[in-house]
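Please open the structure in your viewer and keep the selection tool at hand.

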Amino acid sequence: MIASGEDEGRPPGNDGEGLIGISRRAMLAVGGGTLLSGLLAPGEALGNTPSVEGHRIADNSPATEWLLGHPVGNGRLGAMMGGSVRRDVISLNHDTLWTGQPSPHPDHDGRATLAAVRKAVFAGDYAAADLLSRPLQGTFSQSFAPMADMTLELDHTQAVTAYRRELDLDRAIASVAYHCGDVAFRRELFASYPDNVIVLRLSASRAAAISGRIGLATSLLGSTRAAGNTLRLMGKAPTRCEPNYREVPDPVAYSEQPGQGMAFATVLGVEVQGGEVVASGDALSVRGADVVVIRIAAATGFRRFDLLPDIAAEEVAAVAERNLAIAHQNSYGSLLKRHLADHQALYRRASIELQGAGDDQVTPKAERLFNLGRYLLIASSRPDTMPANLQGLWNAQVRPPWSANYTTNINLQMNYWSAETCNLAECHLPLMDHIERLALNGAKVARDLYGMPGWSVHHNSDVWAMANPVGAGDGDPNWANWPMAGPWLAQHVWEHYRFSGDIAFLAKRGFALMRDCAEFCAAWLVRDPSSHRLTTAPSISPENLFLGPHGKPSAISSGCTMDLALTRELFENCIAAANLVGDRSGLAVHLKGLLQELEPYRIGRYGQLQEWSSDFDEQDAGHRHISHLYPLYPGGAVDPTRTPDLARAARASLVRREAHGGASTGWSRAWATAAWARLGDGAEAGRSLSAFITHNVADNLLDTHPAQPRPVFQIDGNFGITAAMAEMLLQSHGNAIALLPALPPQWTSGRARGLRARGGHEVAIEWSADFVRTELRAGADQTAIHAPPGFTIVAVTHDDAGVNVERTPGGVRFETRPNATYLIASRRTDRLDVSQHAGRPTAYLDPNARKE
């Protein structure tokens with residue numbers, strides 16, 4: 001049945017433009033499966049309780065090290081539970097507890113140094129350029145600090161059996177269950193965002209069975225006092241903490257001076273049913289309790305990124321105690337109910353369910369990885385908190401790996417790749433807030449160090465929004481001097497607008513950040529004396545080195561591909577944003593002129609997208625960074641359809657990197673996986689995902705970096721691989737939504753719900769070998785859809801009526817109403833019944849649908 005009532009042999013609409021329309025009843029017959037009706041509504045279709053398998057991470061033994069624990073967090077407070085039976089240590093963190101204080105801004109004029117570096121670059125003396133750049137370096141960032149350890153020592157004397165610990169992603173609860181003798185014990189730990197506390201509940205199957213000791217200590221300066229049913233820890237963070245990779249005397253320093261290192265307080269209250277609580281020294285003893293509920297609150301002396309953290313210790317403690325007192329006014333049941341409602345309102349927006357082939361053991365882990373990435377973002381990045389750092393919100397070391405800071409040449413950005421695509425836009429907001437702070441400090445760096453307008457951010461940052469080059473004069477320029485974090489961060493501002501369509505955000509906050517960053521990038525451009533085109537110098541492809549004319553490894557040259565991609569992308573986005581907000585400053589005209597003069601992308605002798613403007617040999621052909629592939633992903637300038645030559649070159653670069661051992665770390669494997677997805681290669685994306693699962697995660701699926709002597713936790717890989725899987729299922733980089741553009745062949749069937757596309761669209765997809773059924777909640781007034789590879793769209797309906805569509809290469813385009821829902825059916829091309837009309841394909845309809 002044709003929805004418009006036209007004859008079957010004649011497609012409805014103007015001049016037979018391949019229009020499609022069948023009824024909702026007819027669409028049920030397409031594929032013989034069930035519709036995805038209601039998949040976009042939280043809790044519907046996939047069920048109010050998600051399937052257990054994909055939403056729980058479990059183990060039958062306690063964690064043998066901190067990395068293997070189960071994390072909970074509310075963006076402000078974090079906890080990692082290892083689950084040991086007789087003595088458990090739960091490490092505690094606060095998002096603003098960092099070492100140090102606002103760092104001094106560059107106190108020298110670097111313009112002469114910059115000119116000397118540029119002169120050396122264009123003379124081809126790259127080794128001299130590296131050496132000359134070191135005086136531009138400033139101090140290192142500060143470190144994210146561990147707050148406290150809560151110890152739980154239980155009086156268990158009998159053998160332990162039936163042990164299980166579990167992280168329930170849907171409920172955001174870490175639990176431990178076991179039997180000791182004939183008594184069943186259970187612990188449940190969660191971090192409540194509504195009530196700003198961490199809660200631990202201990203229960204037993206027999207009355208009066210819980211006895212033990214509860215302690216609170218810190219590896220920073222601090223002491224604990226017990227009183228009544230409360231523990232009060234007061235401490236102070238170091239005024240200086242050198243990165244863990246620097247071998248220097250006295251790497252950690254404390255100061256008694258107010259504001260030189262911040263005060264913090266952690267308070268813990270114990271409530272029991274049955275039994276009693278006894279305070280003694282620095283611990284609490286519980287005797288003969290039926291149930292124990294522990295509430296933990298904390299506060300720090302952090303005021304603002306640009307103010308000394310000089311709040312007095314007693315004031316800090318009073319804030320923590322006030323938070324604890326408020327939490328004690330609510331029962332455990334009330335705290336749990338509010339926690340679950342808050343978490344699930346975010347977590348249940350999106351979900352995937354995957355079916356693998358045969359005895360495939362990787363696909364179930366992939367499903368859990370996708371959900372874990374969303375869980376970790378919710379747990380570590382909530383409105384009005386600090387953004388997720390290199391370890392998210394969790395750290396147990398005074399000198400954590402790479403200071404657990406904000407590493408801005410890939411890692412911080414990767415943390416947020418999934419925020420918009422996986423329907424967690426609110427979790428993106430802490431990054432927006434921090435970008436505004438970085439822009440303020442970065443403006444001082446641009447002005448004082450380089451004599452330029454706008455704002456610039458370099459390789460590392462911290463809670464103090466440090467923006468200067470790091471390295472202290474002896475850092476390798478390949479990481480210390482990289483000046484292009486600004487345009488990469490500005491891309492997140494633009495993406496937040498593109499996914500939401502929030503013009504108020506763009507006008508009030510986003511455009512100014514983009515505009516001022518573009519002013520710096522415009523001023524940073526110089527004219528290459530050889531090509532006479534505009535380029536960047538000094539230019540660094542993050543952390544990689546090339547071999548100069550004399551075979552010496554060097555970092556600094558001109559016009560690295562990443563620089564050009566970031567600059568070109570920012571200028572184009574600023575032009576679009578200027579038009580949207582009505583900017584009349586002439587910025588758009590100026591940037592258009594600069595774009596026409598930028599150096600082009602180049603393809604090298606291996607058929608690869610060049611990393612540098614010259615076709616240098618790499619010192620490390622298998623380097624972990626693939627910075628020159630930024631315009632492929634997360635950028636959108638290189639596209640298999642729009643720029644096929646550049647896409648082939650990007651593919652050659654990726655193949656070459658991996659052939660030489662690239663993608664060896666978790667985050668770099670995640671980036672490679674996303675790049676394969678952008679290339680539309682489901683087989684390679686699936687292979688890369690399998691490699692990540694096999695080599696780059698611990699048993700609890702937390703991402704690892706292969707440091708020596710032991711792998712360390714680095715959260716960016718978890719976020720990046722979640723984004724990569726979303727990219728396999730849905731893409732919207734151009735002006736169309738691509739369905740299942742890079743589906744791994746091992747995902748034989750499945751469904752995804754709550755994915756988001758640019759333009760504010762929300763999408764649910766269900767697929768099998770022959771059919772794909774999609775539900776689209778529109779966010780704009782026109783939508784273009786690309787069918788999955790090998791499929792053709794056979795029906796589009798809305799409210800039981802067919803929708804007039806225009807055929808496009810690979811898909812359809814049709815008018816939509818914002819917030820209206822459209823059902824789209826696709827069928828494998830070689831199974832279609834195709835008729836012809838006036839030399840054009842008619843609507844592709846399932847034969848069963850024609851009988852309606």
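Select Leu740, which in this predicted model lies in the loop between β32 (737-739) and β33 (747-757). Is Leu740 buried or exposed? With a relative accessible area of 4%, Leu740 is buried, because anything under 20% counts as buried. If you now show the surroundings and leave out residues up to four places away in sequence, you will find that Leu740 touches Met728, Leu729, Ile765, Trp767, Val772, Pro788 and Pro789. Before moving on, select Ala237 as well and draw a line between the two C-alpha atoms: Leu740 and Ala237 are 49 Å apart in space, and 503 residues apart in sequence.

The next stop is Ser133, which you will find in helix α3, made of residues 126-133. What does Ser133 touch, once residues up to four places away in sequence are not counted? Its partners are Val117, Pro477, Asn481 and Ile556. Ser133 has a relative accessibility of 2%, and therefore it counts as buried.

Now select residues 666-678, which form helix α16. This helix has 13 residues, and from its first C-alpha to its last it reaches 19 Å, close to the 18 Å expected at 1.5 Å a residue. Then select Gly680, which follows α16 and has a positive phi, near 75°.

For the cysteines, begin with a general point: a disulfide is a covalent bond between the sulfur atoms of two cysteines. How many disulfides does a search of the whole structure find? The search finds zero. Select Cys422, which is in no disulfide, and whose nearest cysteine sulfur, that of Cys427, is 11 Å away. Cys422 is also buried, with a relative accessible area of 1%. Then go to Cys521, whose sulfur is 4.4 Å from the closest cysteine sulfur, in Cys517; this is too far for a bond, because the two sulfur atoms would have to be within 2.5 Å. Cys521 is buried too, with a relative accessible area of 2%.

Along the principal axes, its C-alpha atoms fill a box of roughly 90 × 70 × 50 Å. Buried residues make up 61% of the 852 residues, while the chain exposes about 29800 Å², of which carbon and sulfur atoms supply 49%.

Finally, colour the chain by pLDDT, which has a mean of 92, with 91% of the residues reaching 70 or more. Select residues 1-50, where pLDDT stays under 50 and where the model has 138 contacts beyond four places in sequence. Then select residues 834-852, a stretch where the pLDDT is below 50 and which has 47 contacts in the model beyond near neighbours in sequence.

Definitions and conventions. Residues numbered from 1 in each chain as written. Predicted model: local features only at pLDDT ≥ 70, side-chain atom pairs only at ≥ 80, totals over all residues. Heavy atoms only, no water. Buried < 20%, exposed > 50% of the residue type's maximum accessible area, 1.4 Å probe, protein only. Helix = DSSP H or I, 4+ residues; strand = E, 2+ residues; numbered from the N terminus. Expected span 1.5 Å × (residues − 1). pLDDT = per-residue confidence, 0-100. Contact = heavy atoms within 4.5 Å. Areas by Shrake-Rupley, 256 points an atom, 1.4 Å probe, with all protein chains shown as cover.
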